[in-house]
Amino acid sequence: MKKELIRGSVETVILRLLGEQAMYGYEMIKTVNERTNGYFEWKEGSLYPCLHRLESEGLVVSEWREFGGKLRKYYSLTAKGAVAAREQTAEARAFCRALGSLLADSPA
């Protein structure tokens, strides 16, 4: 169940992160794992297929940048991606509030 919930949120999380700043893949994985205290446990297999799909949909763009003598592929939002990030973040927050209300009122 946990994997299904996480898989359903990958796109929204990627768009949200890239709304903060351009990032390379491993940086996104590290950020997500740190901010969730390891709950999400992202791996490359979760991230890159979604990044490639978002790029083909015109929501993100990528560019190679040199950092410390190494080339890294950085991803950033397009204008269309910024709109999608705002919309999906708002939807996710509304969903979490509604789910929180349901769970708070139910006997466990």
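Me: What do the buried residues of α3 pack against?
Reply: In this predicted model, the buried residues of α3 pack against α2 (10–20), β1, α4 (44–56) and β3.

Me: Which residues of α3 are buried?
Reply: Gly25, Glu27, Met28, Ile29, Thr31 and Val32 are buried in helix α3, which covers residues 25–35.

Me: Switching to rings. How many aromatic pairs does a search of the whole structure find?
Reply: Two aromatic pairs turn up. In one of them, Tyr24 and Tyr74 sit edge-to-face, 5.3 Å centre to centre and with 70° between the planes.

Me: Where in the chain are Tyr24 and Tyr74?
Reply: Tyr24 belongs to strand β1 (residues 23–24) and Tyr74 to strand β3 (residues 70–77). The two are 50 residues apart, and the pair links distant parts of the chain.

Me: Is Tyr24 buried or exposed?
Reply: Tyr24 is buried, because its relative accessible area is 17% and the cut-off for buried is under 20%. Tyr74 is buried too, with 10%.

Me: What about Tyr39 and Phe40, how do they pair?
Reply: Tyr39 and Phe40 form a tilted pair, with 6.2 Å centre to centre and 55° between the planes. Tyr39 counts as partly exposed, at 44% relative accessibility.

Me: Back to Tyr74. Which residue lies over the face of that ring?
Reply: Arg65 does, at 4.5 Å from the ring centre of Tyr74. As for Tyr24, Arg72 lies over the face of that ring, at 4.3 Å from the centre.

Definitions and conventions:
Residues are numbered from 1 along each chain as its sequence is written. This is a predicted model: local features need pLDDT of at least 70, side-chain atom pairs count only at pLDDT 80 or more; totals for chains, interfaces and linings use all residues. Side-chain values use heavy atoms; hydrogens and water are left out. Rings of Phe, Tyr and Trp (its six-membered ring) pair if their centres lie within 6.5 Å; planes under 30 degrees apart count as stacked, over 60 as edge-to-face and the rest as tilted. Helices (H or I, at least four residues) and strands (E, at least two) are DSSP runs, numbered from the N terminus. Buried means under 20% relative accessible area, exposed over 50%, partly exposed in between (1.4 Å probe, protein chains only). A charge sits over a ring if NZ of Lys or CZ of Arg is within 6 Å of the ring centre and within 35 degrees of the ring normal. Contact means heavy atoms within 4.5 Å.
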